[in-house]
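Below is a short briefing on one protein model. It covers a residue and its contacts, a helix pair and a pocket.

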Amino acid sequence: MSAIVQPIPQPDAFGKPTSVAPPPRKSNRLPILILVLAIVAGAGYWLYSRTSAKPETAVAANTKTAKAEVSPVIQTTRITGTTSARSYANVTAPSMRGREGGGQMNILFLAKSGGTVRKGELILEIDAQGMQDHVDDLEDTIRQASNDVKKRQAEQAVEWESLQQTLRVSKANLDKANWDFKAQEVRSDVERELLKLAVDESSARYKQQLNDVATRKASQEAEIKILRITEERHTRHRNRHLIDLSRFKIKAPMDGLVVMQSTFRGGEMSQVQQGDVLNPGQSVMRIVDLRTMQVEANINQAQTSLLRIGQPVSVGLDAFSGLKLKGKIYSIGALAVGGWRQQYFIRNVPVRISIEQFDPKVIPDLSAFGDVEIGRGKEGLQIPLSAVVTEDTKSFVQVKTAQGFEKRAVTLGERNNTSVAVEAGLQAGDEIRVLN
């Protein structure tokens, strides 16, 4: 066992002992520093290898590309509007023809909004029980009026026979007076005067009764006519309500889609639904033919010189971004119309675009737009305008290769709002990067 010998401190010049410095120790910081540097270097190399190992995969996953295609550069102008149907049928609550019409009507059955219906299918039924009860009452009134006519005719027949009998008696009395007057030669003067007075009296009575017969006949005919007019009035009243009852069941006038109209309910506007109360003539629904859809748009009057009837249009819907349909302009308004209030002096011309392709997604009241073809260039190589980068008046595109995207200079030609023709620098089928 060895012992460590400590040096003995020596006294200095004044006789005080001096301290002795301890021996130096071996440092442990260098290996730790080397280990830290090695770890940092390894982490840096791992990060570098991770980011540089798949550069093309990351770019390809987040990059939109397009191919250069041979097609003409088409000049277009865009107009916006809403969709509607050219062929449609409005369904309204019936207007009552009867005197008691004009009241409110309850909806008993209503076709489903947004559903399709066939021609002749029941789409609206109004509660008709109250009117049916009234029609039954009128039927009884008509029968009573008809019976009144028959009763009065029977009474008049009795009266007429009695009048005829009285007339026959008067005629017989006149004949007797005439025969008696023929024997005046054997009568005294007084008797002759009495016979003459009897003849005059019988003749006057007979003539009076003849006049009474004619007057009575006219009176009886007037009474029957009045009764028949009363019966006809009740019959017409009944028939008007029968027509109203036939209108309480409304059937689809055509095949199409049901578009429900709005009504004021509970302080706000909402769609008409079963159980609502309708007023005569109120609009309930619209049946539209989806095969005749159009875009109703307005264009500034300064641009109307660019449009012609029959021009092809590419129609799109804001609700379906990828949907493109073929169409054409079929109507351009003859007069410009003004806007509201502060836009009154901005004059627009109504334009109608017919959609030539049928698609069930196209329903009324959707916001839509149409790119109207106003010019067509020559056939050539065409790329999206968003793929071109301009640097110092030179144009470049990024072409996809096996090693990645390669920057390449191109010479451009005609262009429109979305694409541009390439005269040199690319070939058909080249895949290029679209920047936005």
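Leaving aside residues up to four places away in sequence, Arg 238 touches Val 135, Leu 138, Glu 139 and Ile 142 (contact means heavy atoms within 4.5 Å). This is a predicted model: local features need pLDDT of at least 70, side-chain atom pairs count only at pLDDT 80 or more, and totals for chains, interfaces and linings use all residues. Residues are numbered from 1 along each chain as its sequence is written, and side-chain values use heavy atoms, without hydrogens and water.

**Arg 238**
- Arg 238 sits in helix H4 (residues 189–247).
- Arg 238 counts as buried because its relative accessibility is 14% (buried means under 20% relative accessible area, with a 1.4 Å probe and protein chains only).

**Helices H3 and H4**
- Helix H3 (residues 129–181) packs with H4 at an angle of about 170°, and their axes are 9 Å apart (axes are lines fitted to C-alpha atoms over the stretch in contact, and angles run from 0 to 180 degrees between N-to-C directions).
- H3 and H4 are therefore roughly antiparallel (angles over 145 degrees).
- The contact of H3 with H4 has 22 nonpolar, 19 polar and 17 charged residues (Ala, Val, Leu, Ile, Met, Phe, Trp, Tyr, Cys and Pro count as nonpolar, Asp, Glu, Lys and Arg as charged, the others, Gly among them, as polar).

**Largest pocket**
- The largest pocket holds about 370 Å³ of space (on a 1 Å grid over the protein atoms alone, a pocket is an open set of points where a 1.4 Å probe fits, with protein on both sides within 12 Å along at least five of seven lines; lining residues have an atom within 4 Å of a point).
- Of its 16 lining residues, Thr 76, Ser 314, Asp 371, Asn 416 and Thr 418 are the closest to the centre of the pocket.
- Strand E2 (69–85) gives the most to this lining, with five residues.

Methods: Points joined across faces, edges and corners; volume = space filled by probe spheres on them. Helix = DSSP H or I, 4+ residues; strand = E, 2+ residues; numbered from the N terminus. Buried < 20%, exposed > 50% of the residue type's maximum accessible area, 1.4 Å probe, protein only. Parallel < 35°, antiparallel > 145°, perpendicular 65-115°, else oblique.
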